[in-house]
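Good morning, colleagues. Please have the structure in view as I speak.

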Amino acid sequence: MKSKQLELDYSFVVKARHLGGHRVWLRFRDGLEGEIDLAGRLQGPVFEPLHDPAYFACFSVNDTLCWPNGADFSPEYLWDRVRYERFGIKPTRRYVRGFLNERPLAAAGRRKAKPRKTQPAPRKPSRRRA
């Protein structure tokens, strides 16, 4: 249990600054920092008030970005977005509308592969003499 907690510690947001519009500069507990644009990620009724840049700027930091109306993003999602926008490293996790999908990326949305039909191995000749 303790190792799982340590695994998640790297991605908590420790500092954030509003850069204008829907852009935010973030620093994470592991030292990663960078800016991201969340304009395209504000989908759904809870994110509706955040379309106004003045309201968007009213966020607070509590291990992630939080707004007064209860809207927030998972810290893992923000960490993955910063890594992608800064270094071009694609996330190893899959997100649906900003929320972590429990299925691994390799299995998400894919059907199980059918086993290949292979030819049986050739039989070795018998050692018996006729």
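Let me begin with a definition: rings of Phe, Tyr and Trp (its six-membered ring) pair if their centres lie within 6.5 Å, and planes under 30 degrees apart count as stacked, over 60 as edge-to-face and the rest as tilted. On that basis, Phe47, Phe56, Phe59, Trp67, Phe73 and Tyr77 form one aromatic cluster. What we are viewing is a predicted model, in which local features need pLDDT of at least 70 and side-chain atom pairs count only at pLDDT 80 or more, whereas totals for chains, interfaces and linings use all residues. Residues are numbered from 1 along each chain as its sequence is written, and side-chain values use heavy atoms, with hydrogens and water left out.

The structure holds six aromatic pairs. One of them joins Trp67 and Phe73 edge-to-face, at 6.1 Å centre to centre and with 75° between the planes. Phe73 also pairs with Tyr77; here the centres are 5.7 Å apart and the planes stand at 20°, so this pair is stacked. Trp67 and Phe73 are both buried, that is, under 20% relative accessible area, with exposed meaning over 50% and partly exposed in between (1.4 Å probe, protein chains only). Tyr77 is buried as well.

I turn now to the nonpolar core, a set of buried Ala, Val, Leu, Ile, Met, Phe, Trp, Tyr and Cys residues joined through side-chain atoms within 4.5 Å. The largest such core has 20 residues, and those with the most contacts inside it include Trp67, Phe73 and Leu78. Its largest share, four residues, comes from α3; helices (H or I, at least four residues) and strands (E, at least two) are DSSP runs, numbered from the N terminus. Leu78 has contacts (heavy atoms within 4.5 Å) with Leu26, Phe28, Leu38, Leu65 and Phe73, among others, not counting residues up to four places away in sequence.

Asp63, by contrast, counts as partly exposed, at 34% relative accessibility. Asp63 lies in the loop between β4 (60-61) and β5 (65-66) and, although not a glycine, has a positive phi of about 70°.
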